[in-house]
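Here's a walk through one protein chain, going from the overall layout down to a few individual residues. Have the model open while you read.

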Amino acid sequence: MEITKDIVYIGVNDHKVDLFEGQYRVRNGMAYNSYLIRDEKTAVMDSVDAHFTDAWLTHIAENLGEASPDYLVVQHMEPDHSGSLAAFAQAYPATQIVASAKAFQMMQQFFGSEFADRRVIVKEGDTLPLGRHTLHFVTAPMVHWPEVIMSYDDADKVLFSADAFGKFGALDVEEPWLPEARRYYIGIVGKYGVQVQAVLKKAAALEIEKVCSLHGPVLTAAELPEVLSAYDAWSAYRPEAEGVLVAYTSIYGHTAAAAEKLAAALQEKGKEVCVMDLARCDMAEAVAQAFRYSKLVLASPTYNGDVFPFTKSFIEHLTERNYQNRTVAFVENGSWAPTAARVMAKMLEGAKNLTIAAPTVTVKGALNPDSEAQIAALADALC
């Protein structure tokens with residue numbers, strides 16, 4: 001695939017992976033992206049997962065023949081992108097390896113070598129002339145590992161953005177960028193909003209025609225306003241949409257009935273509502289929807305004097321990703337000693353700028369006129 005006249009795609013699609021990073025469902029696979037810049041000197045931009053080493057090396061050879069690349073630029077050391085580095089170093093012993101100082105330390109950890117005889121350490125503002133193209137390096141620590149760099153090609157105005165602006169899904173499957181990019185960002189990068197905001201400021205100073213990330217499609221200038229707007233909202237922890245996520249767990253269906261009744265009342269009032277059963281849904285999608293919407297209702301039975309396990313896990317996913325700037329409401333159920341609302345509120349105490357909506361709905365076993373009245377009052381409050 002040709003990106004520009006001088007830049008070609010040499011990555012791979014993975015349809016064997018079921019859980020990316022051991023936890024994220026990827027129904028449409030994953031892309032491990034790598035690129036080749038052909039100029040007076042040639043540069044390979046990142047490698048791929050070790051399961052695809054042979055295919056990737058074949059792609060390089062198909063483009064260069066017997067010639068060796070002059071440089072391998074390692075922007076990110078996570079194994080889905082650096083897994084083939086050692087094999088590349090063996091196949092091309094004369095190629096220089098370009099990376100941050102921290103990345104070379106990680107190479108020692110992963111491969112037992114820092115490739116000291118051919119390493120080129122780069123930092124913020126450094127450049128790598130290739131001929132017509134010059135790469136300008138931009139550090140992006142904790143987006144989402146500490147060693148990350150990005151590279152800007154001033155000739156074709158291409159930003160090689162490491163993991164930023166990527167998404168779940170292989171490139172041979174067509175699907176919209178936003179839903180899987182949201183799930184990808186919130187799940188993997190969501191904790192590091194401050195660092196992403198810093199990188200967005202750096203990107204704003206560049207004239208960008210295309211973005212080549214390590215996952216997902218090549219993004220064009222026409223697509224960038226939507227992409228940058230989404231990243232700005234996610235990294236600033238602003239809701240994308242005015243609406244309510246009703247996230248529930250239920251043992252015998254009574255808490256589910258309360259959640260569905262509340263959702264119906266909200267919809268009748270014109271609110272956009274998403275309802276998710278935390279025991280059965282994709283947890284990463286539920287977390288993404290919580291960050292998408294301005295309001296969240298947590299509905300849980302009391303369980304061993306605590307909350308139901310899936311609810312607890314969900315809240316932990318939110319707080320470890322710095323969930324903030326939202327309105328939250330509680331629906332609890334307990335046949336003799338309902339405590340779920342108190343526990344959920346305690347778990348969210350450290351989250352910034354949360355507004356707790358009243359009333360808290362308390363169901364004792366099954367819905368009755370009293371708890372139904374509480375649901376109606378909560379619907380009014382959320383609207």
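## The big picture

Start with the contacts: among those in the protein chain with a separation of 6 or more, 69% are between residues 24 or more positions apart. Contact here means heavy atoms within 4.5 Å. The C-alpha atoms fill a box of roughly 80 × 40 × 35 Å, taken along the principal axes. Of the 383 residues, 55% count as buried, where buried means under 20% relative accessible area, exposed means over 50%, and partly exposed is in between (1.4 Å probe, protein chains only).

A couple of ground rules: this is a predicted model, where local features need pLDDT of at least 70 and side-chain atom pairs count only at pLDDT 80 or more, while totals for chains, interfaces and linings use all residues. Residues are numbered from 1 along each chain as its sequence is written, and side-chain values use heavy atoms, with hydrogens and water left out.

The protein chain has 12 helices and 23 strands. Both are DSSP runs numbered from the N terminus, with helices being H or I of at least four residues and strands being E of at least two.

Two strands pair if DSSP finds at least two bridges between them.

Now follow the parallel part across. Strand 7 (residues 43–45) runs parallel to strand 8 (residues 71–73), joined by three bridges, and V44 has L72 as its bridge partner in strand 8. Strand 8 is in turn joined to strand 9 by three bridges, again parallel, with V73 partnered by V98. Strand 9 then pairs with strand 10 in the parallel sense over three bridges, and there A99 has I121 as its partner.

## Strand 19 and its partners

How much of strand 19 is buried? For strand 19 (residues 293–303), 10 of the 11 residues are buried, so it is largely enclosed by the rest of the structure. Strand 17 (residues 241–248) pairs with strand 19 in the parallel sense over six bridges, and A241 stands opposite Y293. Strand 21 (residues 327–333) also pairs with strand 19 in the parallel sense, over seven bridges; L296 has V328 as its partner there.

Strand 20 runs antiparallel to strand 19, with two bridges between them, and T302 stands opposite V307. The two strands form a hairpin with two residues between them, and N304 in the turn has a positive phi of about 55°. D306 sits in strand 20 (residues 306–307) and counts as partly exposed at 22% relative accessibility. Leaving out residues up to four places away in sequence, D306 touches P301, K312, T339, A340 and V343.

## Helix 5 against helix 9

The axes of helix 5 (residues 177–189) and helix 9 (residues 283–292) come within 9 Å and cross at roughly 95°. That makes helix 5 roughly perpendicular to helix 9; on this scale, angles under 35 degrees count as roughly parallel, over 145 as roughly antiparallel, 65 to 115 as roughly perpendicular and the rest as oblique.

On the helix 5 side, R182, R183 and I186 meet A284, E285, V287, A288, Q289, F291 and R292 of helix 9. By class, this contact has five nonpolar, one polar and four charged residues. The classes put Ala, Val, Leu, Ile, Met, Phe, Trp, Tyr, Cys and Pro as nonpolar, Asp, Glu, Lys and Arg as charged, and the others, Gly among them, as polar.

## Cysteines

How many disulfides are there? The count comes to zero, a disulfide being a pair of cysteine sulfur atoms within 2.5 Å. For C281, the nearest cysteine sulfur is that of C274, 8.7 Å away. C281 is buried, with a relative accessible area of 16%. C383 also has the sulfur of C274 as its nearest, at 16 Å, and C383 is partly exposed at 48%.

Note on methods
Axes fitted to C-alpha atoms, helices over the stretch in contact; angles between N-to-C directions.
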